[in-house]
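Please open the structure in your viewer and keep the selection tool at hand.

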Amino acid sequence: MNAAVIAGCVIMAVPFAWMLFGSLKPTSELYSVPPTFIPTVWRPENYAALLERVPFAQYVFNSFEIAILVVVGQLISCSLAAFAFARLRFKGRDVLFVLLLAAIMVPAQVLVIPQFVLFRQLGWLNTHLPLIVPGFFGGAFGIFLLRQYFMTIPQELDDAARLDGASALRIYWHICLPLSKPALAALAVFIFMGNWNDLLGPVIYLTDYAKMTLTVGLAYLQGQYVTDWSVVLAGGVVSVVPILLIFIIAQRHFVEGMVISGLRR
Amino acid sequence: MSRIATRSLETAGHRPASRHIREWATAAPFVALPIIGLVVFVGYPVVASLGFSLTRWNLLGPPEFVGLDNYAKLAGSPMFLQVLGNTVTYLVLYVPLAVALPLLLAVALNQHLRFRSLYRAVFFLPVVTSTVAIALIWSFIYNPDYGPLNQALAAIGVDGPRWLADPAWAMPAIVIMSVWKVAGYNMVIYLAGLQAIPSEYYEVASLDGASALQRLRYLTVPLVSPTMFFVLIISIISSFQVFESTYMLTQGGPLNSTTTLGLWVYQQAFRYSNMGYASAIAWVLFLLTLAFTLMQLRLQRRWVNYE
């Protein structure tokens, strides 16, 4: 058992180490037979080459901009909705909740064509708007995750505040949100990761190099510089580092989020 | 007496309505954004894409209504049969591996507590990384001449296949990468399920002389079967939608051997601007997903234990 787990870890980790070391080799060494793992010639200039050949810093900025704005939008819109589903009573509430969750069943392929047509009519093609704006209108995953968490907050806290004359918005803002930091953090990590790593959206909507995100940028870099593989690998490393840092810092929240949303399904 | 009766009739008729209005007035600011989102980004697109699927439309002129022509064209298309076959191949290879391997990993990991969070973090590396970055690595691993995989095979005297360049091996290669990427995610889902099983069960089974394999088959699997069912469903759904891995590794080649339904929709819509045809394919994909999911919901009674 122990050996199996360790072997599994090696299989998971070695390709990443290979990418890191590969990005620090000259390309010719990548093609050497037999292959080297640790570079015999170190070539950190590969990273400088990235900045010279493509607007790589711009890609990084664009990816951050889009992912952070969607996180903000999702935190606002999903927490508001989750509060209503966990705490308020109104006609049609449960039907609305089921409809929101049912939306998960619809494949992206069905939605993406009419959405493209819609954003085209709005004149939003080749802008970041189609990637950001929908984030401000809620999402089934976030609403579900936060609702599950809000349900665990004792109702007595609300009741006491209500007796003191607090409005629903005040209860949401002063009681529910401060007590839900772990769930909000988990959602933020999930949403950031999903958008940072997204490929389909940016591929469809973005055509100018200056507007691209890291994922599309890398996909094109791979097509363009097939001859200079170590530079492409350097791009890969740059794209992976932020998400790994966030994961290492927020690992606990990440797993909690999966448990909250998964266990009570 | 009669006045009281009238009043109570009135309250029965009117007060709930005004209460509904008051309750909605409170709830509206909270649910307005998701309701708009649901209508604009899900409801309208579902209806519109069904409508588009009945048209021929290349985005230039107005859509031209063609009835069920796109579906008829699909039914008679050899490419559709091939794409469907590719998708089923992916599903048949991917689903058992994505369901079983992570369970074994979780069982192994559940037993030692010492470095569990470190191990879990390592298994999560591919989960948090983009398919784009991962495909960069694996396209090199699979390089038939210089890739470490074939060089390692050559070292033990095996002449490795041409992987992504060979129509017979490209799909298995994509599946291997996908299982590698998803293993940690499914494993964490299983770990949550496993931790709900009281350890006394295992102690009793061990005392009764059950082997590790028997404990897995007769204790672990039935007790985590609801989790297994969940993993099975998400694996099936993701199989029908495969896009990123085939887009990055093969673009559907060689000889269309890795064009999956998810990739084909993208190609028809955004490379060839066949919006109507692409919408029809998307709907076939949707219906197949629903059919497979419903079939599994039916079959679950035979093997899933809900206590």
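The stops below concern the contact between the chains, the aromatic rings and the salt bridges. Please bear in mind that the model is predicted.

**Stop 1: the interface**

Select chain A and chain B together. The contact between them draws on 82 residues from chain A and 80 residues from chain B. About 7,400 Å² is buried between the two chains, and carbon and sulfur atoms give 81% of that area. Now select helix 6 of chain A, residues 108-121: with 13 residues, this helix gives the most to the side of chain A that touches chain B. That side of chain A consists of 65 nonpolar, 12 polar and five charged residues. How many salt bridges does the rule find across the interface of chain A and chain B? The number is zero. Polar contacts do occur, with a count of 10 residue pairs between chain A and chain B, both residues being at pLDDT 80 or more.

**Stop 2: aromatic rings**

Over all chains, the structure holds 43 aromatic pairs. Select W229(A) and F140(B), whose rings lie edge-to-face, 5.5 Å centre to centre, with 65 degrees between the planes. W229(A) belongs to helix 14 of chain A and F140(B) to helix 5 of chain B, so this pair joins two chains. W229(A) counts as buried at 9% relative accessibility, and F140(B) counts as buried at 2%.

Next, select Y90(B) and Y94(B). Their ring centres are 5.1 Å apart and their planes stand at 25 degrees, so the pair is stacked. Both residues lie in helix 3 of chain B, four residues apart, which is about one turn of the helix.

Finally, display the cluster linked by ring pairs; among its members are F116(A), F119(A) and W124(A), together with F243(B), Y247(B) and F270(B).

**Stop 3: salt bridges**

The count over all chains comes to six salt bridges. Select K211(A) and D208(A), whose side chains meet at 3.7 Å, N to O. K211(A) is partly exposed at 30% relative accessibility, and D208(A) is partly exposed at 36%.

Move to chain B and select E23(B) and R19(B), which form a salt bridge at 3.6 Å, N to O. Both lie in helix 1 of chain B, four residues apart, and are thus separated by about one helical turn.

Where do D145(B) and R162(B) lie? D145(B) is in the loop between helix 5 and helix 6 of chain B, and R162(B) is in the loop between helix 6 and helix 7, so the pair ties together parts that are 17 residues apart in sequence. The closest N and O atoms of this salt bridge are 3.7 Å apart.

How values were computed:
Residues are numbered from 1 along each chain as its sequence is written. Chains are lettered from A and ligands numbered from 1 in the order in which they are written. This is a predicted model: local features need pLDDT of at least 70, side-chain atom pairs count only at pLDDT 80 or more; totals for chains, interfaces and linings use all residues. Side-chain values use heavy atoms; hydrogens and water are left out. Contact means heavy atoms within 4.5 Å. Buried area is the accessible area (1.4 Å probe) that two parts lose on being put together, summed over both. A salt bridge is a side-chain nitrogen of Lys or Arg within 4 Å of a carboxyl oxygen of Asp or Glu. A polar contact is a pair of N or O atoms within 3.5 Å; within protein, one must be able to donate a hydrogen and the other to accept it, and residues adjacent in sequence count only if both atoms are side-chain atoms. Ala, Val, Leu, Ile, Met, Phe, Trp, Tyr, Cys and Pro count as nonpolar, Asp, Glu, Lys and Arg as charged, and the others, Gly among them, as polar. Rings of Phe, Tyr and Trp (its six-membered ring) pair if their centres lie within 6.5 Å; planes under 30 degrees apart count as stacked, over 60 as edge-to-face and the rest as tilted. Buried means under 20% relative accessible area, exposed over 50%, partly exposed in between (1.4 Å probe, protein chains only).
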